[in-house]
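Here is a quick tour of a few spots in a model, written for someone who likes to check distances. Have the viewer open and follow along.

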Amino acid sequence: VMVSLEQESESGKMVALSGLIDALETPEFAQSVISAETAEPLAKAALAALETATGEESDKLKARFAGVMAGRFKGPTAREATLKTLDQGPEAAREAVLAALGDPRGVIGREVFARVLHLSTTGGADMKKLPRLLVRLGGRKAVEPVTAIMNASDDWRVISACALALQDYRDPVILGTVLARLEQVGMIDDPKKLPWISESILNAYLEKAEGAELGRGLRVIRIRSSLAAKNAAALERGLSSNDPAIRRSAADATKRGVLSKRITPQEGERLLSGRLATEEEPVLKAELTGGLDQIRSLIPKPEETQQ
């Protein structure tokens, strides 16, 4: 490939480079590591070949190689070219670079993270894809900027992307921040807009959640009843809350958990009947009674003894 990139005609160089990219994307080589000793001269030769190439097909090839170089090449040439593309484009090449960055086999480091973060303030990147990329590039350094993006945006799709990216940290405290934002924008009660919530992180969050934080977690369970299975203790705490809104969320989450077969009818009856015995709020008492009637209808009746 090196010989072709250095000695062939322009069209021959493009064919050689296209073939190289195709080969690197095959299953056989997609997971392979390109050594720094190979990557550096190869990047120089490829960029030199592309420098004078013109036309639509050449532009497409430049964008493809920019992505491959960012994701698979180490060395100063790949780094410099990648940073330049992030700063100056063209747009197709920048998109290819952003799609490829984050792979430890390619261009990484603080400067790359800083350039990508800068794009979040200039509109130079798809904000729905940027949060996960920032997390991949920045590790814990990305918590604050991704949280800031989430809190500043009114686009539910961007907020959802941030919520998903922040769950990569597996941190219940960070999940609490996410749920607070989802509540602020009304997404926590919307089945269509509530993003995926990790069951294991939510379970850990609910172990210590009290007050408003407990209420938010229960509202998630209310919408996603599949998350109710391991949270009977949180449901019970919610049903004992001094806040009627939290009690209502807990009662509804319990009923839905039973109806979706994540909680047994017997456990659901225990939880709701215990609350009904002390509930004084008339509307909630009526809701508890209705929920209990539904749950009790699901409990198998003992067979009558034959005389």
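Keep in mind that this is a predicted model. Let's start with Leu 298, which sits in the segment after helix 17 (282-296). Its relative accessibility is 41%, so Leu 298 counts as partly exposed. Skipping neighbours within four places in sequence, Leu 298 is in contact with Val 258, Leu 259 and Pro 265. There is also a spatial pairing to look at: Thr 264 is 34 residues from Leu 298 in sequence, yet their C-alpha atoms are 9.2 Å apart in space.

Next, two serines in loops. Ser 225 is found in the loop between helix 13 (211-223) and helix 14, while Ser 241 has its place in the loop between helix 14 (232-239) and helix 15 (244-259).

Are these serines buried or exposed? With the cut-off for buried at under 20% relative accessible area, Ser 241 makes it at 15%, and Ser 225 makes it at 17%.

Both side chains have a partner, too. For Ser 225, the side chain makes a polar contact with the side chain of Ser 260 at 3.1 Å. For Ser 241, the side chain reaches a backbone atom, namely the nitrogen of Asp 243, at 3.0 Å.

As for what they touch, leaving out residues up to four places away in sequence, Ser 225 meets Arg 256, Gly 257, Ser 260 and Arg 262. On the same terms, Ser 241 touches Ile 246 and Arg 247.

Here are the accessibility values side by side:

| Residue | Relative accessibility | Class |
|---|---|---|
| Ser 241 | 15% | buried |
| Ser 225 | 17% | buried |
| Leu 298 | 41% | partly exposed |

Last stop: a helix pair. Helix 4 (residues 56-72) and helix 6 (residues 91-100) have axes that come within 8 Å and cross at roughly 25°. Angles under 35 degrees count as roughly parallel, so helix 4 is roughly parallel to helix 6. The crossing of helix 4 past helix 6 is right-handed.

Which residues make the contact? Helix 4 brings Ala 63, Ala 66, Gly 67, Ala 70 and Gly 71, and helix 6 brings Ala 92, Ala 93, Ala 96, Val 97 and Ala 100. By type, the residues in this contact between helix 4 and helix 6 split into eight nonpolar and two polar, with no charged ones.

Definitions and conventions:
Residues numbered from 1 in each chain as written. Predicted model: local features only at pLDDT ≥ 70, side-chain atom pairs only at ≥ 80, totals over all residues. Heavy atoms only, no water. Axes fitted to C-alpha atoms, helices over the stretch in contact; angles between N-to-C directions. Helix = DSSP H or I, 4+ residues; strand = E, 2+ residues; numbered from the N terminus. Parallel < 35°, antiparallel > 145°, perpendicular 65-115°, else oblique. Left-handed = near helix turned anticlockwise from the far one by under 90°. Contact = heavy atoms within 4.5 Å. Nonpolar A, V, L, I, M, F, W, Y, C, P; charged D, E, K, R; others polar. Buried < 20%, exposed > 50% of the residue type's maximum accessible area, 1.4 Å probe, protein only. Polar contact = N/O pair within 3.5 Å; in protein donor to acceptor, adjacent residues only side chain to side chain.
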